[in-house]
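Okay, everyone, let's get going. Have a look at this one with me, and I'll talk you through a couple of spots.

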Amino acid sequence: MRVYVLNGPNLGRLGTRQVDVYGVTSYADLVDMCVDVGRELGLDVVVRQTDAEHELLGWLHAAADEGAPVVLNPAAWSHYSLAVRDACAMLRGPLVEVHISNIHAREEFRHHSVVSAVATGVICGLGVDGYRLALRHVATRLAAAD
Ligand code: DQA
């Protein structure tokens, strides 16, 4: 089963961007980790990142059409993009929202995600390990649905 791991703006800068907040794992390493974890779990993981909102919307529409599960870090769009939220609401497979940092322990404007209410679940504050846990959860759900 194909699973999409989609990442919003600035996440392509992981490894150099605010390492005290987001850690030293590079985006390339995150991609490798997600693909490797997917392989262990029997999932075909496709990892993407964009700084263009319309591109993320297109990927979400495609995932909705396929009924594919999505692991999504909407990054800054989490906090204000109703377009991203509406696209997420169209998904038919599970949606796990991931944040590397603990958004609740940061600035107040990060405390609310407009996406969370349409997500199956949310993981935040566990670093890039959150992606691993999200994929593990997706695999468990898919196995239970068989
Ligand atoms: C983030 C948290 C957001 O507030 C921020 O805008 C990001 C990354 C995280 O993974 O912790 O870009 O989603």
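So, serine 101 has a polar side-chain atom 2.6 Å from an oxygen atom of the ligand, and a polar contact here is a pair of N or O atoms within 3.5 Å. The protein covers 99% of the 320 Å² of accessible area that the ligand has on its own (Shrake-Rupley method, 1.4 Å probe).

Quick caution: this is a predicted model, where local features need pLDDT of at least 70 and side-chain atom pairs count only at pLDDT 80 or more, while totals for chains, interfaces and linings use all residues. Residues are numbered from 1 along each chain as its sequence is written, and side-chain values use heavy atoms, with hydrogens and water left out.

Who else surrounds the ligand? Among them are Arg17, Tyr22, His79, Arg106 and Arg110, counting residues with a heavy atom within 4 Å.

Now the helices, which are DSSP runs of H or I, at least four residues, numbered from the N terminus. Helix 3 (residues 53-66) and helix 4 (residues 82-89) pack at about 10°, axes 9 Å apart. So helix 3 is roughly parallel to helix 4, meaning an angle under 35 degrees.

How values were computed:
Axes are lines fitted to C-alpha atoms, for helices over the stretch in contact, and angles run from 0 to 180 degrees between N-to-C directions. Helices (H or I, at least four residues) and strands (E, at least two) are DSSP runs, numbered from the N terminus. Angles under 35 degrees count as roughly parallel, over 145 as roughly antiparallel, 65 to 115 as roughly perpendicular and the rest as oblique. A polar contact is a pair of N or O atoms within 3.5 Å; within protein, one must be able to donate a hydrogen and the other to accept it, and residues adjacent in sequence count only if both atoms are side-chain atoms.
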